[in-house]
Amino acid sequence: MSVEKQKALTLSLTGGFFTGDRFGNYLWIFPLLLGFAVWEAVTRSGLVPSSRLPTFSSVLVVFFASIQSESFLLRIGHSFLNLICGLVLAFSVALPLAFAAGSRNKFDLTLTPIVMLFGALPDLSFLPLLVLWFGAGNAAAVIMASLAGFFPIYFTVRQGTKNIPRELFDVTTIFKADRFSTFTKMVLPAISPHLFSGLRLAYDFAWEIIIAIEIATRVAGIGNFIDGNVASGSLQNGFAAIFAIAIVAIVVDRAFFGSLESWTKKWA
Amino acid sequence: MDNHVELDNVSKFYDAGRRLHALHEVSFGVGEGEFVSIVGPSGCGKSTLLKIIAGLDKPTSGQVKFRGGEICGPHSKISLVFQAFGLFPWRTVLQNVEYGLEMQRVPKGERQKLARDYLGLVGLAGYEQMYPKQLSGGMRQRVGIARALAVEPEVVLMDEAFSAIDEVTAEVLRDEVAEIHRQTGKTFVLVTHNLSEAIELADKVVVLSSRPAKVKKIMPISLDRPRDRTHALFVHMHRDILHMLKEELENTFIRHKLKGISELQSLHDMESAHANPNKPVAEKAEVTT
């Protein structure tokens with residue numbers, strides 16, 4: 001692979017975050033380092049007792065030990081798997097509904113007010129019922145994550161479908177595209193910028209809800225791990241877990257959504 | 001000569017809240033290799049007419065015939081150039097031109113070769129890998145024309161194809177379309193509101209009336225090509241058509257005005273009926289409506 005190709009690949013994989021392309025340089029590192037330094041100083045000076053806030057350096061040591069521990073990684077994997085299952089479920093229900101609502105006015109008028117009604121409710125208010133019906137386990141977590149992911153996907157895709165110019169449908173008709181290729185080669189790419197931002201929002205929402213459920217219902221996962229460790233006083237482990245979640249969330253956000261968006265940036 | 005495309009008493013009604021009469025028994029023929037321009041007052045339904053020929057819309061009554069057979073729906077030998085270009089922004093120039101062939105399941109190598117040929121024809125060789133957003137309006141319409149030609153149609157329909165482009169570019173593009181028409185001998189039907197453009201390109205100009213659109217006049221244009229817009233006959237024809245269209249617009253205007261007056265009249269009658277309940281007005285109101 002040529003250097004140029006490799007550069008382009010890194011750029012598309014990371015959305016420019018690590019190559020420093022999007023931010024022009026690595027300036028963002030300095031405030032981050034400053035923050036960690038202040039944190040370290042605050043605890044070391046005794047301003048805050050280490051039982052409330054462990055030093056940054058001790059967290060870092062625990063973090064590097066944790067990411068070599070299989071059970072720690074499995075817990076993150078567990079949460080991540082629930083999250084992905086929830087998003088896949090949300091995507092497969094929301095996409096056809098949103099597409100139908102965006103293209104048929106009657107369907108839109110029938111369905112969208114109801115979706116809005118449910119969307120206005122705080123998702124977590126359903127949690128006790130879901131736990132009652134499905135038990136405090138993965139099923140409840142997946143369903144909650146899909147609920148959180150449903151709304152952003154539904155509304156962005158619906159709007160995206162409505163925004164497709166009439167002329168583009170005429171183009172598919174003139175060139176005799178069948179229904180399937182009209183959907184895959186015209187509608188899907190046309191709504192993709194909307195779809196991607198919907199997915200990104202859904203991903204963020206789902207992370208929050210997954211952690212909340214794990215803390216509230218003690219479903220095994222990284223959220224539950226944080227809760228247990230903080231409660232028993234080993235704050236270093238709690239912080240290490242938060243670091244790990246942050247890294248997973250950012251890397252996926254940059255690698256997956258960044259590359260999708262760099263594709264739409266080329267033409268949109 | 002048999003007509004290549006023929007419209008036989010095409011009428012169109014729309015039901016959008018109230019019944020709208022768009023086309024009224026439109027009939028005319030387009031010979032093979034002929035270039036026909038359709039002009040009419042704005043909002044008269046000329047784009048509707050083109051959409052019906054293209055198979056994007058169905059006539060309420062009447063028929064569109066291609067080589068003598070009735071057509072319903074899009075026909076693979078009839079292609080369309082869109083007013084706002086109708087390009088897919090996520091496809092490169094080459095992929096856009098390939099689209100029609102792709103839908104016909106032409107193998108990739110073959111359709112790329114054809115697409116490159118037609119891009120060359122419209123002067124866009126070297127732009128294959130660009131995206132539409134990187135091109136100017138005139139260049140985008142060239143892509144639109146290449147895409148329409150790439151499926152090797154017998155009839156090319158153009159819906160206000162030059163109206164979204166700046167005038168100088170449009171002028172160049174019109175010359176190129178005239179040249180393509182001369183070289184390929186394909187049949188062209190152009191809907192436009194630009195009378196000079198209509199006369200410059202066409203073998204005959206179909207003038208439509210205001211809504212519901214009827215054929216007001218068919219004017220054969222026998223001027224030599226390439227055409228000179230300052231030629232006396234050209235100017236004369238331009239004035240004639242302009243006069244007809246103005247007349248149509250005035251008719252519409254007067255109709256609307258009369259309708260307004262009759263509504264005012266009935267309002268006045270109702271008021272005076274209130275003031276003087278003994279005076280019968282029912283009869284009068286009926287006349288005005």
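This is a predicted model: local features need pLDDT of at least 70, side-chain atom pairs count only at pLDDT 80 or more; totals for chains, interfaces and linings use all residues.
How many bridges join β9(B) to strand β10 of chain B, and do the two run parallel or antiparallel?

Residues are numbered from 1 along each chain as its sequence is written, while chains are lettered from A and ligands numbered from 1 in the order in which they are written.

Let me begin with chain B as a whole. Its C-alpha trace spans about 85 × 45 × 40 Å along the principal axes. Chain B has eight helices and 10 strands; helices (H or I, at least four residues) and strands (E, at least two) are DSSP runs, numbered from the N terminus. Of its 289 residues, 37% count as buried, that is, with 20 or more other C-beta atoms within 10 Å of their own, C-beta atoms being placed from the backbone.

I turn now to strand β9 of chain B, residues 204-208, where four of the five residues are buried. Strands are said to pair if DSSP finds at least two bridges between them. To return to the opening question, five bridges join β9(B) to β10(B), residues 215-220, and the two run antiparallel. Lys204(B) stands opposite Pro220(B) in β10(B), and a hairpin of six residues joins the two strands.

β9(B) also has a parallel partner: four bridges join it to strand β3, residues 35-39, of chain B. Here Ser37(B) has Val205(B) as its bridge partner.

Terms used. A residue is buried if 20 or more other C-beta atoms lie within 10 Å of its own, exposed if 12 or fewer, and partly exposed in between; C-beta atoms are placed from the backbone.
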